[in-house]
Amino acid sequence: MSERPLVDNEQIKDAIDDMRQVMQRRLEEKGRGAFLSRHEILGIIEEEYSELVGAVTEPDMAPVVDELLDVAVACLFGVACIKGDFCDW
């Protein structure tokens, strides 16, 4: 069995930086209105996941990266909403 290549700290840092940039753009575009339920969070993530599924059929990796970042941002914002105690149910 061959070993997988290792992802170094700089590559992880770059991915986190990209996610921060996408988060900032989304906050500017959509505002800071909280998700109010776990179902709303799931719905947003399902939408982003569906777009990711479509992107994996593209020959270029850029759309996949874009959609992965959108999924990550939706998840992170969902966590912020839950930790901020904005979700009723």
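A nonpolar core is taken here as a set of buried Ala, Val, Leu, Ile, Met, Phe, Trp, Tyr and Cys residues joined through side-chain atoms within 4.5 Å, where buried means under 20% relative accessible area, exposed over 50%, and partly exposed in between (1.4 Å probe, protein chains only). The model is a predicted one, in which local features need pLDDT of at least 70 and side-chain atom pairs count only at pLDDT 80 or more, while totals for chains, interfaces and linings use all residues. Residues are numbered from 1 along each chain as its sequence is written, and side-chain values use heavy atoms, with hydrogens and water left out.

The protein chain contains 3 helices and 0 strands, these elements being DSSP runs numbered from the N terminus (helices H or I, at least four residues; strands E, at least two). Its radius of gyration, taken over C-alpha atoms, is 15 Å, well over the 12 Å that the globule rule (2.2 Å times the number of residues to the power 0.38) gives for 89 residues, so the chain is more spread out than a compact globule. The C-alpha trace spans about 50 × 30 × 30 Å along its principal axes. Of the contacts (heavy atoms within 4.5 Å) with a separation of 6 or more, 71% are accounted for by residues 24 or more positions apart.

In soluble globular proteins, nonpolar side chains tend to be buried together. In this model, buried residues make up 24% of the 89 residues, and the largest nonpolar core has 11 residues in all, among them Met19, Phe35, Ile41, Phe77 and Cys87. Helix H1 (9–30) and helix H3 (62–83) are the elements that give two or more residues to this core. When residues up to four places away in sequence are not counted, Ile41 touches Phe35, Gly78, Ile82 and Cys87.

Val7, Ile12 and Ile16 form a nonpolar surface patch with about 250 Å² of accessible area together. Ile16, which is found in helix H1, is partly exposed, with a relative accessible area of 37%. His39 has its place in helix H2 (residues 38–55) and likewise counts as partly exposed, at 49% relative accessibility. The C-alpha atoms of His39 and Lys83, which are 44 residues apart along the chain, are separated by 16 Å.

Conventions:
Patch = residues over 30% accessible without salt bridge, like charges linked within 9 Å, V, L, I, M, F, W, Y side chains within 5 Å. Areas by Shrake-Rupley, 256 points an atom, 1.4 Å probe, with all protein chains shown as cover. Salt bridge = Lys/Arg side-chain N within 4 Å of Asp/Glu carboxyl O.
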